[in-house]
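Opening the notebook on this one.

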Amino acid sequence: MTAVAHNNASVEQQTAIIAIFDRLGKAVMVEERLMGAATALGSCGTAYALRYIRAAMEAGVELGLYPSQAQSIVAQTVKGAACLLIEGGNHPEQEIDKVTTPGGITIKGLNRMEALGFSSAVIEGIKASAK
């Protein structure tokens, strides 16, 4: 993902710039004042996603999987989750609701992660990166 600040560019200029960068992947136009936020999400976000993958792998190994098995399972799971959002366009909570059953293991895991500060830690880490 490439974030581009429009900085008083005309609509035609913005369209041309996005078209150029979209050839390399996906681009989004943001206000200049939001470049720090876009950088924290798009650039630093790669490391944050990989840190989640590493932590999930470690849990898998603790539960008895070999590291290579854990990595493959987690990487494919994260890829699938990203594809759901990219291709479907739904809010993450809509997709979470589809795989969370009442009284099931998913909701138990989600609630435990929240109790330990998962969302808060991610939010605070991204905010720290945007400063």
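How are H2 and H6 oriented to each other: parallel, antiparallel, perpendicular or oblique? I kept in mind that I was looking at a predicted model.

**H2 and H6.** I looked up the axes of helix H2 (residues 35-62) and helix H6 (residues 118-129), and they are 10 Å apart, with a packing angle of about 140 degrees. Angles over 145 would count as roughly antiparallel, so I put H2 and H6 down as oblique to each other. The hand of the H2 and H6 crossing is right-handed. Then I listed who touches whom: H2 brings Ala 40, Leu 41, Cys 44, Tyr 48 and Tyr 52, and H6 answers with Phe 118, Gly 125, Ile 126 and Ser 129. Sorted by class, the H2 contact with H6 comes to seven nonpolar and two polar residues, with no charged ones.

**H2 and H3.** Next I checked H2 against helix H3 (residues 67-88), where the axes come within 8 Å and cross at roughly 135 degrees. That angle makes H2 oblique to H3. I noted this crossing as right-handed. On the H2 side I found Tyr 52, Ile 53, Ala 56, Met 57, Gly 60 and Val 61, facing Pro 67, Ala 70, Gln 71, Val 74 and Val 78 of H3. My tally by class for H2 with H3 reads nine nonpolar, two polar and no charged. Tyr 52 is on my list for H6 and on my list for H3.

**The strands.** Last, I turned to strand S1 (residues 2-5) and strand S2 (residues 27-30), which pair in the parallel sense over four bridges. Within that pairing I found Ala 3 opposite Val 28 of S2. With helix H1 (residues 11-22), S1 and S2 make a β-α-β unit, and I logged the unit as right-handed.

Terms used
Residues numbered from 1 in each chain as written. Predicted model: local features only at pLDDT ≥ 70, side-chain atom pairs only at ≥ 80, totals over all residues. Heavy atoms only, no water. Pairing = 2+ DSSP bridges. Helix = DSSP H or I, 4+ residues; strand = E, 2+ residues; numbered from the N terminus. Right-handed = clockwise from strand over helix to strand, strands pointing away. Axes fitted to C-alpha atoms, helices over the stretch in contact; angles between N-to-C directions. Parallel < 35°, antiparallel > 145°, perpendicular 65-115°, else oblique. Left-handed = near helix turned anticlockwise from the far one by under 90°. Contact = heavy atoms within 4.5 Å. Nonpolar A, V, L, I, M, F, W, Y, C, P; charged D, E, K, R; others polar.
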